[in-house]
Amino acid sequence: MKNCDVLIVGAGPVGTTLALELALHHVSFRIIDKIRARSDESRAVFMQPRVLELLNHHGDAHVLESRGSPYREQVFFINKKEAGKLTYADFGPVDTTFPLPLILSQAETERFLDECLAKYGAAIERPFMAKTIAQDDDGVTTILEAPDGRKETIRSKYVVGCDGAHSVVREAANIEFEGTTYPQDFILCDTHEFLNKFELGDSGTLYDPTWLARFRLHHRGASRYRNGRLFVAGDAAHIHSPAGGQGMNTGIQDSVNLGWKLAWALRGTAAAASVDKEALLDSYHAERHPVAQKVLKGTYRLFSFASSGNWLVRQIRNFIVPFALPKLTASESRRRRIFELMSQIAIGYRGSPIVGRASGRLRETVQSGDRLPDGKLERKQCGRITAAGETRRIAVQRLCSGTTYHLLLFSGTNDGNPATAETLEDARDELLHVLKNEIQVHIVVAGGHDGVGSVSSSYYADLEDRVHAQYGFANPGYVLVRPDLYIVHIGLLEDFGELLDFLR
Ligand SMILES: Cc1cc2nc3c(=O)[nH]c(=O)nc-3n(C[C@H](O)[C@H](O)[C@H](O)COP(=O)(O)OP(=O)(O)OC[C@H]3O[C@@H](n4cnc5c(N)ncnc54)[C@H](O)[C@@H]3O)c2cc1C
């Protein structure tokens with residue numbers, strides 16, 4: 001028996017991502033799957049920008065761009081006629097290193113995840129099926145079975161069910177899976193295509209499929225994501241139609257959300273000891289359940305409309321949509337909004353029980369609970385380190401990656417009332433004291449700020465004040481960031497006391 005802190009049941013993309021997160025945080029875990037080897041079938045073919053951002057911390061997610069193709073536009077056909085186009089690549093810069101979704105076989109996504117896991121020195125144990133799972137006050141006992149009948153009992157502190165739609169963990173946790181099944185049958189295949197180059201409009205013929213799957217689609221969500229020491233994530237927590245390419249991406253983000261929380265709940269450090277572990281673990285449901293419910297609702301509406309046989313809906317689809325769609329997608333701001341939703345960049349946790357609210361920021365565009373906007377900074381070192389200073393460009397999200405909280409202290413620009421180096425350094429020292437040094441603090445100095453030279457340690461220069469503008473900081477401000485790159489607390493430096501109170 002090899003016990004561990006966390007047992008992950010199921011090594012699809014969601015379970016493997018959770019393994020990456022736990023490996024990053026040095027949590028002792030095991031990950032098992034009942035299947036002997038990975039499938040090479042396409043299945044989920046959309047990789048959304050937000051997921052690329054998050055996976056980029058475990059490996060270079062840019063390699064996925066070379067294994068798939070960028071998704072620049074979506075063309076809608078109704079009755080074999082082009083009815084509209086949604087272009088993603090033409091509405092100016094978006095604050096992300098990955099501005100386009102990728103079309104990528106799920107097999108490639110899983111290959112990338114396996115490569116990242118191998119770098120941490122971890123591996124999936126196959127083929128092992130979780131047969132029975134029982135929790136008690138001190139932990140969870142899981143009985144595994146191999147195809148040859150060998151059995152193994154594992155004791156762990158937590159079990160996470162990433163075991164797909166028919167989850168045994170969900171069943172053991174007594175969690176309802178509410179919803180319905182769509183009436184239609186569907187076919188998905190990997191196939192060859194013959195392009196009819198001599199016909200107008202890239203028409204083609206599909207032939208000789210290498211894989212064909214006939215399936216029914218469901219629309220179901222778990223009523224809760226946690227019961228004591230048992231959790232569910234990915235398809236074990238939500239399944240829906242593939243409309244919009246959200247399913248696997250939503251599941252991967254479940255794992256990113258849960259990973260650091262489990263790690264912190266298990267950690268024995270001084271700062272972690274002051275964390276309310278139960279509240280932290282409960283926040284997984286509080287933050288992720290509404291996200292999946294929104295996806296379930298959105299995909300249900302879209303898919304029901306696209307596949308309905310109802311006479312009235314068909315008339316609207318066939319005659320009104322082709323007329324309305326080009327007008328709807330003509331607006332740049334509307335296209336950008338659709339992109340932000342589909343790419344999952346707009347997902348945030350405002351109102352979550354574990355994020356704060358600074359009184360001076362209630363009407364700003366970037367708020368506590370939001371995704372950390374990305375942007376480029378220049379790394380500088382001066383004073384005692386090198387008088388001349390060295391520079392290196394770094395993205396804000398890259399700077400804030402890792403296993404701890406990060407604090408960004410913004411100097412403010414010359415349009416406002418910029419802080420002195422001493423003020424910034426006092427704020428930094430105070431926070432380090434409260435969090436017992438278990439945080440990384442970065443000072444971000446606006447390009448035109450005259451006080452740059454007097455900052456004595458390393459800092460980051462926002463040369464054209466773009467990052468200050470993104471966050472809405474003409475005056476000095478702070479951003480506290482969690483390990484999954486969401487904002488815990490954002491405010492003006494004059495309200496720094498509110499952050500300290502929140503942390504205490
Ligand atoms: C035919 C098909 C087409 C799809 N098309 C799309 C699409 O176009 N877009 C989209 O977003 N999504 C699509 N999906 C869904 C997508 O594949 C899933 O959302 C995604 O795989 C979810 O990942 P997961 O890790 O949660 O679950 P899964 O990928 O289902 O992984 C669960 C794993 O758990 C293992 N397991 C199950 N029970 C046990 C047990 N008791 N013990 C040990 N291991 C266990 C399984 O072997 C499996 O490897 C499709 C799925 C299918 C099947």
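Helices (H or I, at least four residues) and strands (E, at least two) are DSSP runs, numbered from the N terminus. The model is predicted: local features need pLDDT of at least 70 and side-chain atom pairs count only at pLDDT 80 or more, while totals for chains, interfaces and linings use all residues. Residues are numbered from 1 along each chain as its sequence is written, and side-chain values use heavy atoms, with hydrogens and water left out.

**Stop 1: helix α9.** Select residues 311–330, helix α9, which supplies the largest share of a nonpolar patch, five residues. Then select the patch on the surface: F305, W311, L312, I316, F319 and I320, together about 630 Å² of accessible area (Shrake-Rupley method, 1.4 Å probe).

**Stop 2: strand β16.** Select 376–380. Strand β16 runs antiparallel to β17 (392–395), joined by four bridges; pairing requires at least two DSSP bridges. R379 has R392 of β17 as its bridge partner. β16 also pairs with β20 (459–462), antiparallel, over three bridges, and there E378 is partnered by A461.

**Stop 3: helix α4.** Select 106–119. These 14 residues reach 20 Å from first C-alpha to last, close to the 20 Å expected at 1.5 Å a residue. Buried residues (under 20% relative accessible area) include Q106, F112 and L117. Among the elements covering the buried residues are α1 (13–24), β2 (29–32) and α6 (247–266), with contact meaning heavy atoms within 4.5 Å.

Technical notes: Patch = residues over 30% accessible without salt bridge, like charges linked within 9 Å, V, L, I, M, F, W, Y side chains within 5 Å. Salt bridge = Lys/Arg side-chain N within 4 Å of Asp/Glu carboxyl O. Expected span 1.5 Å × (residues − 1). Buried < 20%, exposed > 50% of the residue type's maximum accessible area, 1.4 Å probe, protein only.
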